[in-house]
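Student: Please take one part of this model and go through it closely. Then place that part in the rest of the chain.

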Amino acid sequence: MRKTKVDYIIIGQGLAGSWLAREMIERDLTIAVINNDKSETSSKKAAGIYNPITGRKMIKTWRADQLFPSLERDYASLEKLTSSKFLHPLPIYRPFKSIEDQNDWEGKFTDASYESFVEEMKVKSLGLKNIQDDLGGIIINQSGYIDLPVMLQSVQNFLISKGVYHSEVFDHRRMTLGPNSVIYKDFEAEKVIFCEGSMPDNPYWELPFKPVRGEIIDIACDLESTYIINQGVFMIPKEGRFTVGSTYDHNNLSYVPQASGIKSLENRLKKLFLGQYRIIGQRAGVRPATHDRKPYIGLHHKYKTLGIFNGFGTKGVSLTPYFAKHFVDVLQGKSEIEEEVNVQRVN
Ligand SMILES: Cc1cc2nc3c(=O)[nH]c(=O)nc-3n(C[C@H](O)[C@H](O)[C@H](O)COP(=O)(O)OP(=O)(O)OC[C@H]3O[C@@H](n4cnc5c(N)ncnc54)[C@H](O)[C@@H]3O)c2cc1C
């Protein structure tokens, strides 16, 4: 039987597969996307925040200067392409923990390299009801969140309208690898690119993933905020409720929310927010994190017709648009793969 020829088969349509598909279509490459459309995926459980200044030490996140200038533009253009709305730019308010923290920020606030990411420094409370911020805090910009379930569904509808989406589990055993192409069922592709997210059951890659489970809760409370508030936990304002997260657990990689995780989240929430609240939803997911916290991107060391675009860990929202462009540049021979993200660093 004649095969349908495509340039690439993409396995998985989470954040990674969605951005890769969009970039390939943009460049007139032919694709087939094969996705197991289950609810337990990292992208469907994530909070969706993009934030250029992160971590306990509140420093610029890895590659912030490269990633953030085009980030909102990329999501806005994906919204336009899919006739949908999922980009929610919002400043992040991060209260100071101590006088030392405040002093530290006096220095960083005047540091030119932080200028584009820090909008304002407050040395008094913002006055948000029941929020603990006696010492003020910093207001971060180029930040916000992506409503990921809406984005994923919109991209899926777009791929369906193009006739390239296939809802099924990819069976690795049914793939035949040739020197210049791969046969899979009715398809013949130049390459197959795996975007399978956490815990991939893939016999071709043995990579030192370090997956991390996280819990998130939704709460109803008497608070109004036009900021994402972030100290110990984040609180994302969403139409009368707040999404609060999240936890980090390398041991129990279950998609079932754990009582211990919810408790730890609530303990931290109570230090930031002193008001009453009611939990109206909870969920857990597993982040596809890696041994060195950098993604795994590139071609297989032995089978040049296989590639991977995975390992986006805690920062899939901000990393995938930029690295999808980079990877397609590499696949088209326009660029060399950046060593820091090259999957072959682990061989
Ligand atoms: C609790 C939590 C909070 C998070 N918060 C944030 C946040 O605020 N900001 C941020 O940037 N990131 C956040 N993340 C991380 C973010 O979710 C990930 O970086 C990102 O979603 C990874 O996307 P992915 O496409 O690689 O994987 P996934 O979203 O898991 O997608 C993989 C897809 O591949 C499919 N698949 C797998 N195997 C097969 C197969 N054999 N055949 C067919 N299909 C297959 C799966 O069904 C799935 O649809 C969070 C994650 C969690 C769990």
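Tutor: Start with β15 and β18, which pair in the antiparallel sense over four bridges. Two strands count as paired if DSSP finds at least two bridges between them. The strands are DSSP runs of E with at least two residues, helices are runs of H or I with at least four, and numbering starts at the N terminus. The model is predicted, so local features need pLDDT of at least 70 and side-chain atom pairs count only at pLDDT 80 or more, while totals for chains, interfaces and linings use all residues. Residues are numbered from 1 along each chain as its sequence is written.

Within this pairing, Ile216 stands opposite Gly245 in β18. Gly245 also takes part in a cis peptide bond, with Ser246, and omega is about -20°. Ser246 itself lies in the loop between β18 and α6 (259-272).

Now the other neighbour of β18. Strand β17 (residues 233-238) pairs with β18 in the antiparallel sense over five bridges. Lys238 has Arg241 in β18 as its bridge partner. The β17 and β18 hairpin has two residues between the strands, and there Glu239 takes a positive phi near 40°.

How well covered is strand β18 (residues 241-245)? Mostly: four of its five residues are buried. Buried means 20 or more other C-beta atoms within 10 Å of the residue's own, exposed means 12 or fewer, and partly exposed falls in between, with C-beta atoms placed from the backbone.

Back to β15 (residues 212-221), where Cys221 is found. Cys221 has 19 other C-beta atoms within 10 Å, so it is partly exposed. Leaving aside neighbours within four places in sequence, Cys221 is in contact with Phe242, Gly275, Gln276 and Tyr277. A contact here puts two C-beta atoms, placed from the backbone, within 7 Å.

Next, the domains. Domain 1 covers 4-45 + 149-207 + 294-346, and domain 2 covers 92-140 + 212-287. These bounds come from an automatic or database domain assignment. The C-alpha centres of the two domains lie 33 Å apart. Seven residues of domain 1 are in contact with eight residues of domain 2. The domain 1 side of that contact has one nonpolar, four polar and two charged residues. For these classes, Ala, Val, Leu, Ile, Met, Phe, Trp, Tyr, Cys and Pro are nonpolar, Asp, Glu, Lys and Arg are charged, and the others, Gly among them, are polar.

β15 also matters for the ligand shell. That shell has 42 residues, and the closest to the ligand are Gly12, Gly14, Gly197, Gly285 and Gly316. Elements giving two or more residues to the shell are α1 (15-26), β2 (31-35), α2 (42-45), β15, β19 (277-287) and α7 (316-331). A residue joins the shell if its C-beta atom, placed from the backbone, lies within 6 Å of the molecule. The shell divides into 16 nonpolar, 21 polar and five charged residues. Domain 1 and domain 2 both give residues to the shell, so the ligand lies between them.

Ile10 stands opposite Ile193 in β14. β1 also pairs with β2, in the parallel sense over four bridges. There, Ile11 stands opposite Ile34 in β2.

Two backbone points remain. Arg293, in the loop between β19 and β20 (296-299), has a positive phi near 65°. It counts as exposed, with 12 C-beta neighbours inside 10 Å. Met58, in the loop between β4 (53-54) and β5 (59-60), has a positive phi near 50°. It counts as buried, with 20 C-beta neighbours inside 10 Å.

Last, the whole chain. It has seven helices and 21 strands. Its radius of gyration is 21 Å, close to the 20 Å that the globule rule gives for 347 residues, so the protein is as compact as a globular protein of that length. That radius is taken over C-alpha atoms, and the rule is 2.2 Å times the number of residues to the power 0.38. Of the 347 residues, 44% count as buried. Among contacts between residues at least 6 apart in sequence, 74% join residues at least 24 apart.
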